Amino acid sequence: MTVKYTQDHEWVQSTGGDAVTVGITVHAQDALGDVVFVDLPEVGKTFAQGEVAGVVESVKAAADVFMPVSGEITEVNEALRADPSLANTDPLAAGWFFKVKLSDSLQLDALMDSTAYDKFAAEA
């Protein structure tokens, strides 16, 4: 499974076909601190790449979660809504935010791979 990254510190994992899972990176959760609330998008809603799809709030700040690719929300992580700390304890697995049916799979190609993202995050 391929994982790509955005400059807004979201990760996107291709789960096959035109489906991806989206979450925030370790760097993002480190910067936010203890996550206390997540506002997840509505299933069935369609977003364009770059639109705000949710909000994550921590004891330090609130941050928008941007749509890394255009598409329709097919599922949200109800476990994360019930236990926002999953974004801190397991941001790359159990702390995922939502799943998306892509409307343009070519958008994935423009996102960073792990090497490029690690370099970008180190400079941020």
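Two strands count as paired if DSSP finds at least two bridges between them, and strands (E, at least two residues) and helices (H or I, at least four) are DSSP runs numbered from the N terminus. The model is predicted, so that local features need pLDDT of at least 70 and side-chain atom pairs count only at pLDDT 80 or more, whereas totals for chains, interfaces and linings use all residues. Residues are numbered from 1 along each chain as its sequence is written, and side-chain values use heavy atoms, with hydrogens and water left out.

**View 1. Strand 9 pairs with strand 8 and with strand 3.** Strand 8 and strand 9 are antiparallel, with 5 bridges; here Glu-72 has Lys-101 as its bridge partner. Strand 3 and strand 9 are also antiparallel, over 4 bridges, and Val-20 lies opposite Val-100. The covered face of strand 9 holds Phe-98, Val-100 and Leu-102, while Lys-99 and Lys-101 form the uncovered face.

**View 2. The largest nonpolar core has 26 residues.** Such a core is a set of buried (under 20% relative accessible area; 1.4 Å probe, protein chains only) Ala, Val, Leu, Ile, Met, Phe, Trp, Tyr and Cys residues joined through side-chain atoms within 4.5 Å. Val-20, Phe-97, Phe-98 and Val-100 have the most contacts inside it. Elements giving two or more residues to this core include strand 3 (19-24), strand 8 (71-76) and strand 9 (98-102).

Key: Buried < 20%, exposed > 50% of the residue type's maximum accessible area, 1.4 Å probe, protein only.
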